[in-house]
Amino acid sequence: MTHVYRTTATYAADDASTNWKERAARYSLLPLRLFLGATFIYAGLDKLFDSAFLSASGTGSIGALMENVRNSSAVPALVDVALKSPEGFGYAMAFGELAVGIGTLLGLLARLAALGGALISLSLWLTVSWQTEPYYYGNDLAYLMAWLPLVLAGASVFSLDAVIAERRRRSR
């Protein structure tokens, strides 16, 4: 029978390795959160500052986009809802993307923000990107999948949710 003798240095190395792995796991979703948050803020601002997008008709408008994808979308009824008030739908999309992006970056109601991002991405995939072939060329499905880990895990580091949770723990 062979005996393995562990030294203090071996235990310290194991602890350092474990601590590094735990830290890496804890921070692993932060790059995704930063990317999605910044991207959705940019997308929302891009829509708000593009007067052509927020029009009911014309080149580059939300109305023209919805008209173009209506017959090729998976859910034409969803497009019909947008077509009832294209400008209102455009503003709703822009402010929704801003709210999702800000919530995600700040880590405030992070799971709810990520769910909002997932729902926006799902609706875009089922309407705007649905006709893209092969399906993996469309980016909305990839965004939907990127949101799901944040829906499940939330924002445990560098977030207002973590600050609020810590204050609740201390006040008990």
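Which helix is Lys47 found in? The answer is α2, where helices are DSSP runs (H or I) of at least four residues, numbered from the N terminus.

## About the model

This is a predicted model, where local features need pLDDT of at least 70 and side-chain atom pairs pLDDT 80 or more, while totals for chains, interfaces and linings use all residues. Residues count from 1 along each chain as its sequence is written, and side-chain values use heavy atoms, leaving out hydrogens and water.

## Lys47

Lys47 is buried, at a relative accessible area of 17%; buried means under 20%, exposed over 50% and partly exposed in between, with a 1.4 Å probe and protein chains only. Leaving aside residues up to four places away in sequence, Lys47 touches Phe53, Leu54, Met93, Ala94 and Glu97 (contact is heavy atoms within 4.5 Å). Its C-alpha atom is 7.5 Å from that of Gly90, 43 residues apart along the chain.

## The cores

A nonpolar core here is a set of buried Ala, Val, Leu, Ile, Met, Phe, Trp, Tyr and Cys residues joined through side-chain atoms within 4.5 Å. In the largest one, with 13 residues, Leu36, Phe40, Val100, Ile120, Trp147 and Leu150 touch the most other members. Two or more residues each come from α2 (30–48), α5, α6 and α7 (139–153), and α7 gives the largest share, 6 residues.

Apart from this core lies another of 7 residues, including Phe53, Ile62, Val79 and Ala82.

Back at Trp147, its contacts beyond four places in sequence include Leu36, Phe40, Val100 and Thr104.
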